[in-house]
Amino acid sequence: MIPELGHFSLVIAGVLSLFTALVGLSGSRNSLLQRSVVSMTVGQFALTLLSFSALVWSFATDDFSVAYVANNSNSLMPWYYKVSATWGAHEGSFLLWILITSGWMLALCLRGHQYPTSFFTKVLGIMALLNLGFICFSLFTSNPFLRLIPMTPVDGADLNPLLQDFGLIVHPPLLYMGYVGLAVPFAFAVAGLLEGQVDSAWARWSRTWTNMAWAFLTAGITLGSWWAYYELGWGGWWFWDPVENASFMPWLAATALVHSLSVTEKRGTFKSWTLLLAITGFSFSLLGAFIVRSGVLTSVHSFAVDPERGMYILIFLALVVGGSLTLYALRAGQNSTQVAYSFLSREFFMLINNLILIVALAVVLWGTMAPIGYEAVTGGRISIGTPFFNRFFVPLGLVLAIALAVLPLLNWKRTKAEALRPAGISLLIAAVFAVLIWFVLDPTSVVVATAVGLGAWVVISHGADLYKRLRKGTTLPMAYVGMTLAHVGFSVCMIGIAITATQSEESDVRMAPQGSVMLAGQRVTFLGVVEVQGPNYSAQQGVFLVEPESTGSYELRAEKRRYFAGNNVMTEAGIQAGLLADTYVSLGEPLADGAWAVRLHYKPLVRWVWLGALLMALGGIIAIFDRRYRSLRVRDTKVIGAVAQS
Amino acid sequence: MNPKRKQRLYLTVFLLLVSAGVTGLLILVSGENMNMFYPPADVVAGKIPPEQKVRAGGMVLDGSVVRSETSLAVEFQLTDHKGAVFPVAYSGILPDLFREGQGILVEGEMDAQGVFQAEEVLAKHDENYMPPELLDIDMQAKPNAYKAMPSIDPRAAKGDAL
Amino acid sequence: MSRASLFVPLGIFIGILALGYVGFSLDARNQLPSALLGKPFPEFSAPLLLEPEVQITKADLLGQPALVNVWATWCPTCKSEHEQLMYIASATDVLMVGVDYKDRPAQAIQWLQQYGNPYDYVIDDRDGSLGIELGVYGAPETFLLNAAGEVVYKRVGDINIRIWENELLPRFKALEVEVITQAEALQGQPTVGSGAGQ
């Protein structure tokens, strides 16, 4: 009964979202109808939550009569993996996607009083229309509640062992919060175009939501990268895989949007551009869903290939994105205001920042889609590898860092050249630092030293600006704190990438028991292999003793697991994590005489990559708590809007 | 021209230049960095240009895997089960799912002796993964992860929730 | 920027969409016929599940049409097609051969006791070696062999009423397998089937 209840509530939620969309977009001024949009949204959330809970319940109680449960769970799995298996494959993860969409709509309702009613009902109407599309997709092509009756399996087929992991419990929900969160700025953009209201107030409303979605997306991608690092056993943290690219593209667009919105809010300009970015961000979320779920591009992450699903998403994409871009083409010109600014101004540097991010987006898009285009034209198969992306991302990252370092000194509108003098001083300090690094890390490339130097420059110039403000004794606005944190996060991430990409040591070796090898000044001794039993797997565990020159020694355990249900083999790496470096061991295959093929990595500063990204996400969240976003009443915003326009 | 219009003009010209430059670079760099894929028949026919990094693929021929006693060097043969067979040499750790009969991809160069020197051996972490480049090769194991084909092996193409 | 430039994003999007569509139609190549089609079934020798001391070889499958079904207890879809197989076993005189693929024998025997055994022979392929010979993608998979042991049809996925009527029945007729009647065949329609697609 419970699965049927879940199925039924999803159907009702779909009906409610249809009505919400109809009423919301009808533009009716009837206050009863307008209020009904809010209650229907609340109802829709309750129903999708019920539906999702029903699926979780089916997993938790091992109801293998539900086909999706039977295919993705097993009675031997620990309870927490049973629960997280709910979003372990296509059908359930899409139900989570729907739940999150409804969740964002509910959150919008909580702050609905801040926005003009007709604008707000349109926003909800657009969100409901999107959710209707998602719910129909789930019901017609990927229903998770289908039963296997009367031939109910005794036990399930087990969840892919790679996904039986903490990373999977948190990574998809966070990522989807980001993907779907971008629907809010999208809806704001479309509603703004429909209402003809795109001004500073509009930008201020949109910023809170954009920052939140962006922060979730950042955290989600970071977690995914961390998961790939420790779970795939290859020691890499980014593979330029189509699915990773699919999450990176909306992130780049959203990052550009976060910055462009600040110009629109503060200066009332860049309007068409901001609107376009808001539409683009969510479009790439949808394009990502298409790439991942249609099987057009095969990757390590892809879901089961299904042409019907792919076609549905492609049509949905055409309608949603095509429709909103047409609306944009017809309406965006109406709002244009021209505000003059000089080349040495914050506006211009924001433009540079946006340009870099959009070029980066174009690079990723090209690298992801080119194999399809090539095959369509010539029939031959190609792959585009990491070198292609690196060729672009290294210079782009460096230029972005320069823009970032100068930014704190720039005023809106125009800046006197003398005002930039502190930047020269901090650059000098950073350069000295870079030269020192150059000598310490010798032999290394100029690019690495440059990256480290520029990273340091960004940190120093932001630090100096912070110091200046603190000395004046002014209270720091949260938006400023958030921005500083995010920019420092960017530098930390960039330095981490530069160092770990070039200074890592990796070796694949044959190790006999008691044999040892040297890895980055540490002696690694292979003590042998022991058998261990997990709840639903048995494993061979390789035990390694690592003896660094200076500090104490420690043990690392790497496993080769065999899962019972499908006889799957999986590698579990042994990692000694450290802020300065990771030591990483994974088992290859057994060789003759008790020897094993072993993969050893020494990865300096690899944690900085994720730490930096998390700082960025944290910065995005902190900025939301700025006073000016707090409880604005409609009449206030009207005044502010009027002021900004004058 | 008033200053605003002038600024606008500069901006437009600037944007046009940047987009033209980026497009040119994209084409150029992707041309340099793309790896052509060769099926076994093309490899045997000698179509791989020497000293150029390419991808090749096929099924691991049964009984062809020879591991060195003392190092991680391994040699095996890839086939399309239609008569084309070529040798591959690799040194390092093979993926978990590398085994005889499995479809795999190798990336590397062809040496003068006609042995493919692989720098990388790829197999998906999913037993039923068929590298997309291999789809056209008529092999015994067939990828067909369509809805018509419901449950696959549990390791199956159900994929990860990412 | 001029009005016309506002249409540029729409143009780019249409380009991307077209590329997505093209990639999508390219993907149709995934549906390839099996290399085994029209070729002889591979030689093999494997023990029977229910009589482990008996070895079965390809010779045992020759002389009459045979339906070789690869299944396992860990495979939920195998469960959903089981009823249809039971029906085929009862309605035709085709030789039914099960290949118990990468499975635990005790569980498999219990399954056959519980749900019925449609097979004339059940091959114990616990290490999956026969499966590899057959190029098995997953379970369930089904091969139809003619009396000479050549593969005339292969199905990846479950055998449901639709497959039975549209794919198997015409081929059974062509191979002159005795099938009771069309009307009775329709009664064998299993009640599930729809749920199996996921």
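Why does A:Ala203 count as buried? Select A:Ala203 and find out: 26 C-beta neighbours lie inside 10 Å, so A:Ala203 counts as buried. The term applies if 20 or more other C-beta atoms lie within 10 Å of a residue's own; 12 or fewer make it exposed, anything in between partly exposed, with C-beta atoms placed from the backbone.

This is a predicted model, in which local features need pLDDT of at least 70 and side-chain atom pairs count only at pLDDT 80 or more, while totals for chains, interfaces and linings use all residues. Residues are numbered from 1 along each chain as its sequence is written, and chains are lettered from A and ligands numbered from 1 in the order in which they are written.

**Stop 1: around A:Ala203**

Stay on A:Ala203 and show helix α9, residues 200–231 of chain A, which holds it. Helices (H or I, at least four residues) and strands (E, at least two) are DSSP runs, numbered from the N terminus. Contact requires C-beta atoms, placed from the backbone, within 7 Å. Next, draw a distance to A:Ala592. The C-alpha atoms of A:Ala203 and A:Ala592 are 66 Å apart, with 389 residues separating the two along the chain.

**Stop 2: the domains of chain A**

Colour chain A by domain: domain 1 (1–164), domain 2 (169–339), domain 3 (390–504) and domain 4 (505–606). These bounds come from an automatic or database domain assignment. Centre on domain 2 and domain 4 of chain A. Their centres, taken over C-alpha atoms, are 39 Å apart. Domain 2 of chain A gives four residues to the contact, and domain 4 of chain A gives 10 residues. On the domain 2 side, two are nonpolar, two polar and none charged. Here Ala, Val, Leu, Ile, Met, Phe, Trp, Tyr, Cys and Pro count as nonpolar, Asp, Glu, Lys and Arg as charged, and the others, Gly among them, as polar.

**Stop 3: helix α13(A)**

Select residues 346–378 of chain A. This is helix α13, with 33 residues. From first C-alpha to last, α13(A) reaches 46 Å, close to the expected 48 Å. The expected span is 1.5 Å times one less than the number of residues. Look along the axis for a bend of about 45° at A:Met369. The bend is the angle between axes fitted to the seven residues ending there and the seven starting there. A proline, A:Pro371, follows within four residues. Beyond the helix comes A:Gly379, with a positive phi near 85°.

**Stop 4: chain B and strand β4(B)**

Switch to chain B. It has two helices and seven strands, in the order α-β-α-β-β-β-β-β-β from the N terminus. Of its 162 residues, 44% are buried.

Select β4(B), residues 73–79. B:Val74, B:Phe76 and B:Leu78 form the covered face. B:Ala73, B:Glu75, B:Gln77 and B:Thr79 form the uncovered one.

Now show the partners. Strands pair if DSSP finds at least two bridges between them.

- β2(B), residues 54–60: antiparallel to β4(B), over two bridges. B:Met59 stands opposite B:Thr79.
- β3(B), residues 66–67: antiparallel to β4(B), over two bridges. B:Val66 stands opposite B:Glu75. A hairpin of five residues joins β3(B) to β4(B).
- β5(B), residues 85–91: antiparallel to β4(B), with seven bridges. B:Ala73 stands opposite B:Ser91.

End at the hairpin of β4(B) and β5(B), with five residues between the strands. Pick B:His81 in the turn: its phi is positive, about 60°.

How values were computed
Two residues are in contact if their C-beta atoms, placed from the backbone, lie within 7 Å.
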